[in-house]
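Please read the following with the sequence and the 3D view side by side.

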Amino acid sequence: MVRFRHANWEEATDFMAHCTTKWAVFLLSLKALIETGTGQPFPDDIHIDHS
């Protein structure tokens, strides 16, 4: 079980949305690592365009 909290944002911003999505990418990579033995860590992870 993995439990974490990303808190204390003073306001909702585009960067907060980017960080939230990158957590999802990280967790997908961790899941793949556990299930297949190969994850997709940075810099080969899923690119998130936050512009």
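W23 is partly exposed, since its relative accessibility of 33% falls between the 20% limit for buried and the 50% limit for exposed. This value, like the others here, comes from a predicted model.

The ring of W23 has a partner in F26: the ring centres are 5.8 Å apart and the planes stand at 85°, so this pair counts as edge-to-face, the class for planes over 60 degrees apart. Both residues belong to helix α1, where they are three residues apart, or about one turn of the helix. F26 has a relative accessible area of 45% and is therefore partly exposed as well.

How many aromatic pairs are there by this rule? The count is three. Another of them joins F4 and W23, whose rings are stacked, with 4.6 Å from centre to centre and 25° between the planes. F4 sits in the segment before α1 while W23 is in helix α1, so this contact ties together parts that lie 19 residues apart in sequence. F4 has a relative accessible area of 41%, which means that it is partly exposed. Taken together, F4, W23 and F26 make up one aromatic cluster.

These three residues also have a place in a wider surface feature. Along with V2 and L27, the residues F4, W23 and F26 form a nonpolar patch on the surface, and the accessible area of the patch is about 470 Å² in total. L27 is located in helix α1, which spans residues 14-36. With a relative accessibility of 33%, L27 counts as partly exposed.

Most residues other than glycine have a negative phi, and most peptide bonds are trans. N8, in the segment before α1, has a positive phi of about 70° although it is not a glycine. Is the side of the chain at N8 buried or exposed? N8 is exposed, because its relative accessible area is 75%, and the limit for that class is 50%.

The peptide bond that joins F42 and P43 is cis, with omega at about 10°.

Methods: Residues are numbered from 1 along each chain as its sequence is written. This is a predicted model: local features need pLDDT of at least 70, side-chain atom pairs count only at pLDDT 80 or more; totals for chains, interfaces and linings use all residues. Side-chain values use heavy atoms; hydrogens and water are left out. Patches are made of residues with over 30% relative accessible area and no salt bridge: like charges are joined within 9 Å, nonpolar side chains (Val, Leu, Ile, Met, Phe, Trp, Tyr) within 5 Å. Accessible areas come from the Shrake-Rupley method with a 1.4 Å probe; for residues, only the protein chains shown count as cover. A salt bridge is a side-chain nitrogen of Lys or Arg within 4 Å of a carboxyl oxygen of Asp or Glu. Helices (H or I, at least four residues) and strands (E, at least two) are DSSP runs, numbered from the N terminus. Buried means under 20% relative accessible area, exposed over 50%, partly exposed in between (1.4 Å probe, protein chains only). Rings of Phe, Tyr and Trp (its six-membered ring) pair if their centres lie within 6.5 Å; planes under 30 degrees apart count as stacked, over 60 as edge-to-face and the rest as tilted.
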